[in-house]
Amino acid sequence: HFEGRARPQDQSDQPESGKGTYDEGYDLVLTEGFKRSSAPKIEVQRSARSDALVCDASADNLIAIASDADWTIGDLPCFHIDDAEGIAAFIVARFLS
């Protein structure tokens, strides 16, 4: 069973600073933004917007890419941007199994 809930956050905050405020009772919290956070990241990249990644591709916290372009960066998992099932399966295997 998955439950989604959206709550705007101050972009100057880091996800780690909010622990205990919005993650109680949940096994997984997904956030958007927080480019400077050390939290694990899946970069969502659209080729119409840019041909470069925002994250450093060699960063330890970049765990996957979702894009409409083909990316090959070592063994970093790269998903098509519309592959919701594949991305969800990756997240579940990585964090909930």
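## Overall layout

Going along the sequence, the protein reads β-β-β-α, which gives one helix and three strands. Helices and strands here are DSSP runs, with helices being H or I of at least four residues and strands being E of at least two, numbered from the N terminus. This is a predicted model, so to speak: local features need pLDDT of at least 70, side-chain atom pairs count only at pLDDT 80 or more, and totals for chains, interfaces and linings use all residues. Residues are numbered from 1 along each chain as its sequence is written, and side-chain values use heavy atoms, with hydrogens and water left out.

The protein averages 82, and 75% of the residues score at least 70. Among the elements, β3 has the highest mean pLDDT at 97, while β1 has the lowest at 94.

The three strands make an open sheet, ordered β1-β2-β3, with parallel pairing. Two strands count as paired if DSSP finds at least two bridges between them. At the edges sit β1 (41–45) and β3 (78–80), each pairing on one side only. On average, neighbouring strands are turned by 25° against each other, direction ignored.

Three bridges join β2 to β3. Helix α1 lies across β1, β2 and β3, and runs at about 170° to β2. For such angles, axes are lines fitted to C-alpha atoms (for helices, over the stretch in contact), and values go from 0 to 180 degrees between N-to-C directions.

## What's packed inside

Of the 97 residues, 26% count as buried, meaning under 20% relative accessible area with a 1.4 Å probe and protein chains only (exposed is over 50%, partly exposed in between). The largest nonpolar core has seven residues: Ile-63, Ala-64, Ala-66, Phe-79, Ile-87, Phe-90 and Ile-91. β2 (62–67) and α1 (84–96) are the elements that give two or more residues to this core. Apart from it lies another core, with five residues, including Leu-53, Cys-55, Ile-65 and Leu-76. A nonpolar core is a set of buried Ala, Val, Leu, Ile, Met, Phe, Trp, Tyr and Cys residues joined through side-chain atoms within 4.5 Å.

Phe-90 is a handy one to click on. Leaving out residues up to four places away in sequence, Phe-90 touches Ile-42, Ile-63, Ala-64, Pro-77 and Phe-79; a contact means heavy atoms within 4.5 Å.

Ser-67 belongs to strand β2 and counts as buried because its relative accessibility is 1%. Its bridge partner in β3 is His-80. Beyond residues up to four places away in sequence, Ser-67 touches Gln-45, Phe-79, His-80 and Ile-81. The Ser-67 side chain also makes a polar contact with the side chain of Trp-71 at 3.3 Å, and one of its polar atoms lies 2.9 Å from the backbone nitrogen of Ala-69. A polar contact is a pair of N or O atoms within 3.5 Å; within protein, one must be able to donate a hydrogen and the other to accept it, and residues adjacent in sequence count only if both atoms are side-chain atoms.

Over in strand β1 there's Lys-41, which counts as buried because its relative accessibility is 11%. The side chain of Lys-41 reaches the backbone oxygen of Ala-39 at 3.2 Å.

Definitions and conventions. pLDDT is the predictor's confidence in each residue, from 0 to 100.
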